[in-house]
Amino acid sequence: MRELQAGLWHWQAPHPDWTPEEPWPQEVSSYAIDDGARLLLFDPLAVPSEILELAADREPVVVLTAPWHERDTQSLVEHLGAPVFVPPPDTQEDLVRKFDVTHEQAAGGSPDVAWLLAGDSGEAHLYLAGDRLPIGIEAFPGREHNDLVLWIESRRAIVAGDTLADFGRGLGINEWLRGGVTREQVAEGLQPLLALPVEVVLPAHGAPTDRAALDRALS
């Protein structure tokens, strides 16, 4: 675990569902921000004990950049009682469009965070691009309607989810795009980020980086 700023931490852990066939490295990144009242956990996996200890003195909140980044969210909800802010999971129609599968194969939609949305445990807060969350976060469009880029003004930080990733060649727009979506379209949607006073970029895939890397990625 590394403290990037006072109260902003980064750590990496091996993704439990990773296989050698995946286009992304096994180690994925998570982040935590202490704002004095809340402890925000972004795409959390294998949260370090020091962070869990801090959660006892804060209001823990889980923030997912995409529903498939739920990772250790369910166990954190069970142990910490943390509410969860998450974009909506893919519907049946979303899966048909994204993956060219049949309606029968996509029946029921994505199982991502189904346990949370069922209402049996946890407090779910769905959000979309353009929303301003009541925890000091603004959501920007990413490569999918539910793979979003987050702006935390108090930290001058961007949390990038899967839209901006570093698979070993530096930060860039994720090349894994569904049919009909181009890199240029994604870059155009991200242009408003360049008007923000960004100092640090926090990708789920890759290490934290800086404003210069964001400029290169969107050029």
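The legends below describe close-up views of a predicted model of one protein chain.

Residues are numbered from 1 along each chain as its sequence is written, and side-chain values use heavy atoms, with hydrogens and water left out. Because the model is predicted, local features need pLDDT of at least 70 and side-chain atom pairs count only at pLDDT 80 or more, whereas totals for chains, interfaces and linings use all residues.

**Figure 1. Overall dimensions and secondary structure of the chain.** The chain contains six helices and 15 strands; helices (H or I, at least four residues) and strands (E, at least two) are DSSP runs, numbered from the N terminus. Its C-alpha atoms fill a box of roughly 50 × 45 × 35 Å along the principal axes. The radius of gyration is 17 Å, which agrees with the value near 17 Å for a compact globule of 219 residues; the radius is taken over C-alpha atoms, and the globule rule is 2.2 Å times the number of residues to the power 0.38. Of the 219 residues, 51% are buried, where buried means under 20% relative accessible area, exposed over 50% and partly exposed in between (1.4 Å probe, protein chains only). Among contacts (heavy atoms within 4.5 Å) between residues at least 6 apart in sequence, 51% join residues at least 24 apart.

Figure 2. Strands count as paired if DSSP finds at least two bridges between them. Strand 1 (residues 2-5) pairs with strand 2 in the antiparallel sense over three bridges, and R2 has H10 of strand 2 as its bridge partner. Two residues lie between the strands of this hairpin, in which G7 takes a positive phi near 85°. Strand 2 (residues 8-14) in turn pairs with strand 3 through seven bridges, again in the antiparallel sense. Five of the seven residues of strand 2 are buried.

Figure 3. Strand 3 (residues 27-34) is largely enclosed by the rest of the structure, because seven of its eight residues are buried. A32 of strand 3 is the bridge partner of W9, and A32 also stands opposite L41 in strand 4. Four bridges join strand 3 to strand 4 (residues 38-42) in the antiparallel sense. The hairpin of these strands has three residues between them, and G36 adopts a positive phi near 95°.

Figure 4. I152 has A157 of strand 11 as its bridge partner.

Figure 5. In helix 3, the residues D94, L95, V96 and K98 are buried, and the buried residues of the helix pack against strand 9. Helix 3 is followed by D100, which has a positive phi near 55°. Helix 3 (92-99) and strand 9 (137-144) each supply at least two residues of the lining of the largest pocket; helix 3 gives the most, with three. A pocket is an open set of points on a 1 Å grid over the protein atoms alone where a 1.4 Å probe fits, with protein on both sides within 12 Å along at least five of seven lines; lining residues have an atom within 4 Å of a point. The largest pocket holds about 730 Å³ of space, the volume being the space filled by probe spheres set on the points. Its lining comprises 25 residues, of which W68, F99, D112, D162 and W176 lie nearest the centre. The lining divides into nine nonpolar, five polar and 11 charged residues; Ala, Val, Leu, Ile, Met, Phe, Trp, Tyr, Cys and Pro count as nonpolar, Asp, Glu, Lys and Arg as charged, and the others, Gly among them, as polar.

**Figure 6. The second largest pocket.** About 200 Å³ of space lies in this pocket. Its lining residues include P23, A165, F167, R169 and W176. Six nonpolar, three polar and three charged residues make up the lining.
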